[in-house]
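Subject: Structure for your review

Hello,

Please find the structure below, handed over for your own work. My notes on it follow.

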Amino acid sequence: MIEPTNPISPLAQLIEIMAALRHPETGCSWDKEQTFKTIAPYTIEEAYEVADAIERADLADLKDELGDLLLQVVYHSRIAEEQGAFDFDDVAASISDKMIRRHPHVFGSADERAAGAAPDFWARIKADEKVAKQAEWARMASASALATRTADVNASPPPSVIDNVPLALPALVRAIKLQDKAAKVGFDWPSLQPVFDKMREEMAELEAELGKPGRIPSSEPDAALQDEFGDLLFVMANVARHLKIDPEDALRRANQKFTRRFHHIERRLAEQGKSPEAATLDDMETFWNEAKAKEKQS
């Protein structure tokens, strides 16, 4: 632990600790080798750990998990600082500016504060930000200073309504966000019924792909089956979106339910001196239904 001569805030100390860990001569060999790309999976994992602590209502664990997540922000900021891109203060300033900009009813002029939060004001502010980004893209594309990068600029499309949906998001979450953005410009089913029709269509296509003559089960990934299954999952995400359900949360709840019921199976088998490996499927199914019935009674 670093012990500075003058007392500093815990956040400032954390930033100093990360700088020490990344020091090219005296730092930690593992930490020095990390990049944005190698750290990204840990960032995603820590966000899930935060969500898990919230789901369990464990505030002590939540405090620790939020610390782990904060470390990820400090880590990425330090890597960027070493590259001369930005530092932690820039990150904090960026989000502070954005929050102030997006809350004129709190931080704006007297008239803006008096007007309050007008309907759809958030969407309008984000739209203004998007226009500014498009203008910046156009400026960069036409700037003579970027002449040597003309090919790169031309290879990239102009800003799209589905931009800014991070690739690193869990696939189901990203599907929802992509669909939401497309829906805002009218590309959406008007009700849930055609979504269900599409779900049945995709299920039929998956079954048809499975039933093709000559198909041989394989342990290797099957691109055609993967595509059909992916289409089905994408439609299921759309069902969740229309029902205002978070699919990740719904699947977490299903995982927890499965865990509870399987633990019940193991306990009941243990009472009979059996292990799951030694039990029949009928035995396990009986105890599964028993656990299910108990849950409905509670």
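The model is a predicted one. E65 sits in helix α4, which covers residues 59–82. E65 is buried but takes part in no salt bridge. R56 is the nearest side chain of opposite charge, and R56 is 5.6 Å away.

On the α3 side of the contact are F36, I39, A40, Y42, T43, E46, A47, E49, V50, A53 and I54. On the α4 side they meet D61, L62, E65, L66, D68, L69, Q72, Y75, H76, I79 and A80. Helix α3 spans residues 36–55, and its axis lies 9 Å from that of α4, at an angle of about 160°. That angle makes α3 roughly antiparallel to α4, because values over 145 degrees are classed that way. The crossing of these two helices, α3 and α4, is left-handed.

In the loop that joins α3 and α4 is A57. Most residues other than glycine have a negative phi. A57 is exposed, with a relative accessible area of 64%.

K244 is another entry of this kind: phi is positive there, about 60°, and K244 is not a glycine. K244 is in the loop between α12 (223–242) and α13 (247–271). With a relative accessible area of 75%, K244 is exposed.

The helix pair α1 and α4

Helix α1 (residues 10–21) also packs with α4, at an angle of about 55° and with the axes 10 Å apart. The two helices, α1 and α4, are therefore oblique to each other. Their crossing, that of α1 and α4, is right-handed. The residues that make the contact are L11, L14, I15, M18 and A19 from α1, and L70, L71, V74, Y75 and R78 from α4.

L14 belongs to helix α1. Is L14 buried or exposed? L14 counts as buried, at 19% relative accessibility, because the cut-off for buried is under 20%. Not counting residues up to four places away in sequence, L14 touches L70, L71 and V74. Between L14 and Y75 there are 61 residues in sequence, and their C-alpha atoms are 9.8 Å apart in space.

Salt bridges

How many salt bridges does a search of the whole structure find? The search finds 17. Notes on some of them follow.

E82 and R22 form a salt bridge through their side chains, at 2.5 Å from N to O. This pair links distant parts of the chain, 60 residues apart: E82 is in helix α4, and R22 is in the loop between α1 and α2 (29–33). E82 counts as partly exposed at 36% relative accessibility, while R22 is buried, with a relative accessible area of 10%.

The side chain of E82 also meets that of R78 in a salt bridge, here at 3.3 Å from N to O. E82 and R78 are four residues apart in helix α4, which means that about one helical turn separates them. R78 counts as partly exposed, at 22% relative accessibility. R78 is also one of the α4 residues in the contact with α1. R22, R78, E81 and E82 are linked in a network of salt bridges.

R241 forms a salt bridge with D188, and the closest N and O atoms are 2.5 Å apart. Here too the pair links distant parts of the chain, 53 residues apart. R241 is in helix α12, and D188 is in the loop between α10 (171–183) and α11 (192–210). R241 is buried, with a relative accessible area of 12%, whereas D188 counts as partly exposed at 33% relative accessibility.

Regards

Note on methods
Residues numbered from 1 in each chain as written. Predicted model: local features only at pLDDT ≥ 70, side-chain atom pairs only at ≥ 80, totals over all residues. Heavy atoms only, no water. Buried < 20%, exposed > 50% of the residue type's maximum accessible area, 1.4 Å probe, protein only. Lys, Arg positive; Asp, Glu negative; His and termini not counted. Salt bridge = Lys/Arg side-chain N within 4 Å of Asp/Glu carboxyl O. Axes fitted to C-alpha atoms, helices over the stretch in contact; angles between N-to-C directions. Parallel < 35°, antiparallel > 145°, perpendicular 65-115°, else oblique. Left-handed = near helix turned anticlockwise from the far one by under 90°. Contact = heavy atoms within 4.5 Å.
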